[in-house]
Amino acid sequence: MIAGYAVPDFVSEFWHYYIAAFTVLGILFSLFLIKSQTTTKLAEGEQAELMVHTWDGDLQELNNPLPRWWMFMFYGLVFFAIGYLVLYPGMGKFAGTLGWTSFQEWKDDKDAVDAEFDKVMGPYKGQDIMTVAADPKAKEMGQNLFMTYCSQCHGSSAQGGKGFPNLTDAQWLFGGTPEDIKASIAGGRIAEMPAMGDAVGGEQGAKEVANYVLSLGGKPHDATLAAAGQAKYAACAGCHGENGKGMAAASFPDLTDDAWQHGGSESAIAQSIIKGRKGGMPAQSKVSGGLLDDSKIHLLSAYVWGLGGGKQPAAPAPAEAMAAPAEAVAAPAAN
Ligand code: HEC
Ligand code: HEC
């Protein structure tokens, strides 16, 4: 039992007595009420007291005593309440003789569910993410987890939305190998672009650079504005590259593809430039303050990897190295 959860947190002794006294008085009052209402008994042949009300011409109200079963039900309820208060917490801070706590009950339930999950999870734990991704049952579990923990941001189809990346395409800001995806989920990610409005000369400059960015991707643009924006794009090249292709390794997005996190129209690009952009993928792993243990993250990584954009691991597995081109294998190890 965890200290602090065992007894209700009363701020002072006063509240303990106050609540206990109210509970006891409530019970005594109930008993008194039942007794006072049930002691009148009709003698043989006696007519119950006639109340003064009469409705609808001849409908009269008689004051009959309560039926016995009804009365016993009330007594039963009062004794049930007393028994309950002895066994369970309820009388102020008295913890009850059974030592039951809602925290312990919640914890027991949770442990049982976790144990059940671990059993189902067992076979997948030892498998690599790509193998797990190919398993239909694991995919179903991964999808359920995704609906619970991820869909509010990435959408139920995982295709993202404004400000939230699409997880089903092959464009990754933080890498698409199994390890990259797992790291994104477990530790969270923040890619930050500073506000560049001043660097490009305000609204007009942003519009020009936006058109230059569109031209880099071969998309419809205003050629005059783009020409004016070309020189100003120098401020961006350090992160997004001369050709706008970004640097996936450093989480600087490619500006020439169709995968936009913040929108790919001229005005959306101009807004990205003026305001800057900052993503915030919250860490999911328990060790980083999230809610998920390693096995759930493993399943989720496999689910996301299998959505369509997953990339092969960077270091080839030994079997793949064997199948590498002949000259690579034949080359003498020079080092
Ligand atoms: C210090 C590095 C840095 C510089 C300089 C920089 N950016 Fe960025 N930019 C980023 C990062 C990181 C992101 C991703 C932000 C996120 O994930 O929310 C980004 C995002 C963007 C986006 C949104 C992409 C999308 O998918 O919606 C656009 C457009 C953009 N940058 C254009 C520019 C332009 C044009 C400039 C020059 C004026 C520029 N950036 C300068 C780092 C930079
Ligand atoms: C509060 C919103 C939010 C939640 C919840 C969330 N994400 Fe994200 N996620 C983001 C944002 C925003 C980014 C982009 C971060 C950036 O640009 O800096 C991101 C990025 C990612 C990436 C990296 C994408 C890339 O292009 O490299 C992966 C993978 C990912 N999320 C998976 C998940 C999974 C799986 C879950 C559920 C366990 C989840 N996310 C829950 C907001 C969220």
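I started with the shell around ligand 2, where α6 gives the most, with three residues. Helices here are DSSP runs of H or I of at least four residues, strands are runs of E of at least two, and both are numbered from the N terminus.

Housekeeping: this is a predicted model, with local features needing pLDDT of at least 70, side-chain atom pairs counting only at pLDDT 80 or more, and totals for chains, interfaces and linings using all residues. Residues are numbered from 1 along each chain as its sequence is written, chains are lettered from A and ligands numbered from 1 in the order in which they are written, and side-chain values use heavy atoms, without hydrogens and water.

Back to ligand 2. I found 25 residues around it, with Cys 150, Cys 153, His 154, Ala 191 and Met 281 coming nearest; a residue counts as near if one of its heavy atoms lies within 4 Å.

Next, I looked up polar contacts (pairs of N or O atoms within 3.5 Å). Oxygen atoms of ligand 2 sit 2.8 Å from a polar backbone atom of Leu 173 and 2.7 Å from one of Ala 191. Gln 261 brings a polar side-chain atom to 3.2 Å from a ligand 2 oxygen. The elements giving two or more residues to this shell are α6 (151–154), α7 (178–187) and α13 (294–305).

Then I turned to α12 (residues 266–275). Ala 268, Ile 269, Ala 270, Ser 272 and Ile 273 are buried there, meaning under 20% relative accessible area with a 1.4 Å probe, protein chains only. Their cover includes β3 (192–193), α8 (197–200), α9 (202–216) and β4 (277–278), by contact of heavy atoms within 4.5 Å. Just after α12, I noted Gly 276 with a positive phi of about 80°.

Definitions and conventions:
Buried means under 20% relative accessible area, exposed over 50%, partly exposed in between (1.4 Å probe, protein chains only). A polar contact is a pair of N or O atoms within 3.5 Å; within protein, one must be able to donate a hydrogen and the other to accept it, and residues adjacent in sequence count only if both atoms are side-chain atoms.
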